[in-house]
Amino acid sequence: MADDGAARRLPLAGVRVLDLTRLLPGGYATQLLADWGADVIKLEDPRGGDPARWSQPIVDGTSIYYLALNRNKRSLAIDLKVPAGRDALLRLIATADVLMESFRPGVMERLGLGPQTLLARFPRLIYCAITGYGQDGPAAQRAGHDLNYLGYAGLLDMNRAAPEDAPTLPPTQIADLAGGALPAVMGILAALVSRATTGRGDMVDVSMLDCSLALQPLAVALALAAGNAPRPGQPQLHGGDPVYGIYATSDGRHITLAALEPKFWERFCQLVNHPEWIPLHGVTDPARRERLRHDLAALFATRAQAEWLALLADEDVCVGPVLTLDEALADPQIQARGMVRDAETGNEQLTQALAPVPHLASAAPPPRRPPPLLGEHSEEILVEAGLTKSEIAALRKAGVVPAATRRGR
């Protein structure tokens, strides 16, 4: 259920975002903006809407992926392939602060809605485009997904314990989320701050390849400074230093050790009765490093994970468990932070979902509205854009704006 009073108390209250994106990167970015009070209008093709709506798995008639990415938004189903639909969108853009899209470069230009055209007509607009490879360059039109961008960025090559190992699939969509959604939000917020001073909008060009490369500042710095990129297993934080690693326990589980600072390492060595290891902190000799790694592996293999946690978890040594996702969601710290909460689905059933992040002390975003049904808010949005009842009726008759999906009561 919408709570307009709650929305007005949030940091992005009064900011209107038009979301032409599909699937993960744009959907997650605009949900973050919506969580903080922005009025996010999801513009969807009447012929099925966002593909996330019908992505598996589907539970109780609703896609779990769609639920994860679309709370606190409104939906306008409109056909932008016809002039009447584009004209209606232009009237809506006049009321907006931000437009976000995720088409390949040139698609919006062919519709007469490219950034240069829109910024000339609406100079306060912030236009954000999320693409795989950016708006220009020889690969701009290349097709791709998360895994492709990570491969081009050199990140997959580092995603292995040793050079002789094969690269492995990351457990989440790093390029889509950390290389696409989060930079888009950062760019939009920066542009909003700039506009408050200059009065002018901006173009935010988010390349998931660019931003995936930027996720490796330390490795890139080594490559540029030394002229020779580090190999997997060499950097201190990627398997090079035995005091920063993952070790198997006797029950087949794993422990994380991250005793980077000498004080943490010294305390760890004291607790495990190996004070002779203390001088080995920061050792660079390959043979001594490998011997220490072997000794640590042998040590951790003597006890079960729970036993190591009982001994070390409350000590100042930077040790922790490798949890399953189910265990992480049930962890007392996650629960205490309120990271899992009840959420309403489009079918008016309750489910559980992740809470908005990050936490602001002054404004905790409450749940305001469930993910919208396709075209659920079409008429109210068009009225807000200044269209008359007769104009909306004409759009419906022409099939540009289909009849809205109604939520049952």
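In which sense do β2 and strand β5 pair, and over how many bridges? The two strands pair in the parallel sense over 5 bridges. The structure is a predicted model, in which local features need pLDDT of at least 70, side-chain atom pairs count only at pLDDT 80 or more, and totals for chains, interfaces and linings use all residues. Residues are numbered from 1 along each chain as its sequence is written, and side-chain values use heavy atoms, with hydrogens and water left out.

Strands (E, at least two residues) and helices (H or I, at least four) are DSSP runs numbered from the N terminus, and two strands pair if DSSP finds at least two bridges between them. In the pairing of β2 with β5 (residues 73–77), Lys42 stands opposite Ser75. Strand β1 (residues 16–19) runs parallel to β2 and is joined to it by 4 bridges; Val17 stands opposite Val40 there.

A cavity is a set of points on a 1 Å grid over the protein atoms alone where a 1.4 Å probe fits but cannot get out, and lining residues have an atom within 4 Å of a point. Grid points are joined across faces, edges and corners, and a volume is the space filled by probe spheres set on the points. The count comes to 1 cavity of 30 Å³ or more, and the largest cavity has a volume of about 40 Å³. Its lining residues include Phe103, Arg104, Tyr127 and Gln135. Helix α5 (107–110) gives the most to this lining, with 3 residues.

Notes: On a 1 Å grid over the protein atoms alone, a cavity is a set of points where a 1.4 Å probe fits but cannot get out, and a pocket is an open set with protein on both sides within 12 Å along at least five of seven lines; lining residues have an atom within 4 Å of a point.
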